[in-house]
Structures are given as structure tokens and as C-alpha cells.
Amino acid sequence: MTETAPHPNSGRPNSGRPDGPRPDSARPDDSAHPNTPALLGQRTPPRNPAPPHPRPHSVLHGLLKTARPKQWVKNLLVVAAPAAAGQLFTRHALSQLALVFALFTACAAAVYLINDARDADADRAHPTKRHRPVAAGQVPVPVAYGVGGVLAALALALAGWLTPPLVPVLLTAYVGMQLAYCVSLKHVLVVDLVVVTTGFLMRAMVGGLALGIPLSRWFLITTGFGALFMVAAKRYSEAVQMEGTAGATRALLTEYTTGYLRFVWQLAAGVAVLGYCLWALEGDGTHAAPSATGLLPWRQLSVVAFILAVLRYAVFADRGTAGEPEEVVLGDRALAVIGMVWLGMYGLAVAHW
């Protein structure tokens, strides 16, 4: 009995045919069958290809992304002390502050690179951090370590050469503290909050040190507790979003309770508002009260904008969506408007208009 060959246009694979070559006379015309298994194997890439080796331009892009450009806005705190003292708009102040801003940004970027290299495994278990370039494999771990080390060393060397002595001392302390945080302090209860808060406070201090400006106690209190407010709100948001899986991404979150973190950010917000109110109502003791020389009491009026900004940010903290402070500050239009109003009032108060 003779077996009937399948119709060439049936499109059905001959699964019963053994593998291996067969005579050309028995092979259907591949050009007439674009969906044959042989051609599909040539045209269709494998479903799980091996990850390609990172290209140089891809690595550079990943390094820039790892340096967290969005978080560079935090380094604008270097102008806070000179602005409060009314010594911002001079040629020497602007050039020195631009230099200090660049040096602090370089130090912070170095810390981010080293931190992401150390946390690559833990970040892969996080729903958003797994997309970071080091965790995703875009930037090799040794490259992140190397670039971070070189960047930190270069920034500290330039600071020692181009800035007053206290600036490289503070930058060295910042880098050392942040590296200790990456290695071990991030796992110490409460200390982790203090270290991150101190980093913000150092940013606010370095501008005054660069220009030899005395730092007001109210300035330090408001800045310190304002930073603690944002740091605790970030931890609270992480704890809320990662409830049940926090140990896989940040082990210390399992030791904090959401109630405790809520207490910390509420306490810090209250102290920051109190410190700012005392600064606004008491004055800094070096100039006449703005209400005596200016058109309006801008210093006192700025309290309203400051409190509104704190209350607006607290909305995101209470929702558990303040995990990235820079995204909250830059992404919320109402908060941005309030911030601009406060900045205008603050500037008018300092200028005594």
C-alpha cells in the first residue's frame, strides 16, 4: 500500500517524519512555504536569549542614570545659608557655590555608584529598584565600584585645592559617613535615619563654610528636622509599599513599624515648623526686623507658605507615596507653586523689601 504525501499547501508539519536530511526530491520548496519549521528557526530569535554584553555607550548612559540626576536638586541646599545671610548675589559667592555644588554632586554620585554596586542583589528583588542600571546588568558591578572610587577621590582632591579648609573636611566626612552607611550603618535601627538626615544637613552647611558665613541655630534646626521629616516619610512609604516583602529589599524595614515611622515624620515636621516660626518671628539678631524696613513683613508671611508646603508634602507621606522625595517635589504642581511663593517671600525678607 502506497503512502499518500501531504498536500504541499496544507501547512501541517509532518511530525511523524524522523529528523535528519532527506533527498532533495522529497523536500518541499522552502520559498513556497514561508512558515516551515526550518525557516521559522532561522527567522525567529530564541525566546530566552543570553543577555548581551553591555555596549560602551550603554554603560555610560547607565553610569549617568546611576548618578541620580533627579536627586541633584538636593544639592541646591548649598545656597541656603548664603541666601539666608543675604550674601548670595556676588561674583565670588556665585562662583564658589557653583564649585561647591559640583563637588558635592560628584561625591554624592560616587556614593550612589558604590551603594548600587553593593546592593545589586537586593535591588533585583525590589519592584522598581530592579530597573537600576547596576541591578539590571547595564553597568557591571566592578565598573560601578571603580568609577565611584575615582570620582570620590577626584572631588576630594579638587576640594582641597580650590576651597577653604573646612569644605574638604566636611566633604571627606560626608563620603566616609555615607560609605559606612552603605557597608553597615544602614542596618542599624534609628542610626540609619540619623545618617541620611545628617547628609542633608551637611549640604546646607557647606555653602556657609565655603563663604565663611556663621550658621544660625534656627537655620540648622529647621534644616535638620525638615530633612528628618522627608527621610522618615520615605522610610514609611517604603514600609507601606513593601509590606510582607520588606526583608528581601531592605532588611531594616522589618524592624520598624509603620506606626513608629509615622510618629517620627510627624514629630520632625512639627519641630521643623516650630523652628522656622521662631526664626521668622524672632529674627536673626543681625538686621532690623523686615516689617520695619520692608513694604510687608515678608519674613512672617513666609511662615504661611512654609507650613502649606509641609502640609502638602505630608499628604504624600500619609498615602505612603513619598518614597522618592525628589519626584514628589518636582512632580507635584501644587507643591511646586507653594515652593515658588515661599522662595519669593524668603528672598524679599532677606532683601528687606
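Buried means under 20% relative accessible area, exposed means over 50%, and partly exposed is whatever falls in between, with a 1.4 Å probe and protein chains only. With that in hand, Asp-116 and Arg-68 are both buried, and they return in one of the views below.

This is a predicted model, in which local features need pLDDT of at least 70 and side-chain atom pairs count only at pLDDT 80 or more, while totals for chains, interfaces and linings use all residues. Residues are numbered from 1 along each chain as its sequence is written, and side-chain values use heavy atoms, with hydrogens and water left out.

**Figure 1. The whole protein has 16 helices and 0 strands.** Helices (H or I, at least four residues) and strands (E, at least two) are DSSP runs, numbered from the N terminus. Of the 353 residues, 41% count as buried. Contact here means heavy atoms within 4.5 Å. Take the contacts between residues at least 6 apart in sequence: 72% of them join residues at least 24 apart.

**Figure 2. Helix H10 packs against helix H14.** Two packed helices are described by the angle between their axes and the distance between the axes. Axes are lines fitted to C-alpha atoms, for helices over the stretch in contact, and angles run from 0 to 180 degrees between N-to-C directions. Here H10 (residues 217–241) and H14 (residues 298–319) have axes that come within 9 Å and cross at roughly 20 degrees. The two helices are therefore roughly parallel to each other. Angles under 35 degrees count as roughly parallel, over 145 as roughly antiparallel, 65 to 115 as roughly perpendicular and the rest as oblique. The crossing of H10 and H14 is left-handed; a crossing gets that name if the near helix is turned anticlockwise from the far one by less than a right angle, and is right-handed if clockwise. On the H10 side, the residues in contact include Phe-229, Met-230 and Tyr-236, and H14 brings, among others, Phe-306, Tyr-313 and Asp-318. By class, the contact holds 10 nonpolar, 2 polar and 1 charged residues. Ala, Val, Leu, Ile, Met, Phe, Trp, Tyr, Cys and Pro count as nonpolar, Asp, Glu, Lys and Arg as charged, and the others, Gly among them, as polar.

**Figure 3. Helix H4 packs against helix H9.** The axes of H4 and H9 are 9 Å apart, and the angle is about 150 degrees. That makes H4 roughly antiparallel to H9. Their crossing is right-handed. Among the residues that meet are His-92, Leu-97 and Phe-104 in H4, and Met-202, Arg-203 and Val-206 in H9. This contact has 10 nonpolar, 4 polar and 1 charged residues.

Figure 4. Side chains of opposite charge can pair when their charged atoms come close. A salt bridge is a side-chain nitrogen of Lys or Arg within 4 Å of a carboxyl oxygen of Asp or Glu, and by this rule the count comes to 8. In one of them, the closest N and O atoms of Asp-116 and Arg-68 are 2.9 Å apart. Another salt bridge joins Asp-119 and Lys-186, with 2.5 Å between the closest N and O atoms.

**Figure 5. Asp-318 reaches from helix H14 to Arg-262 in helix H12.** The closest N and O atoms of this salt bridge are 2.6 Å apart. Because Asp-318 lies in H14 and Arg-262 in H12 (residues 258–282), the pair ties together parts that are 56 residues apart in sequence. Asp-318 counts as partly exposed at 41% relative accessibility, and Arg-262 counts as partly exposed at 25%.

Figure 6. Val-190 is found in the loop between H8 and H9 and counts as partly exposed at 35% relative accessibility.
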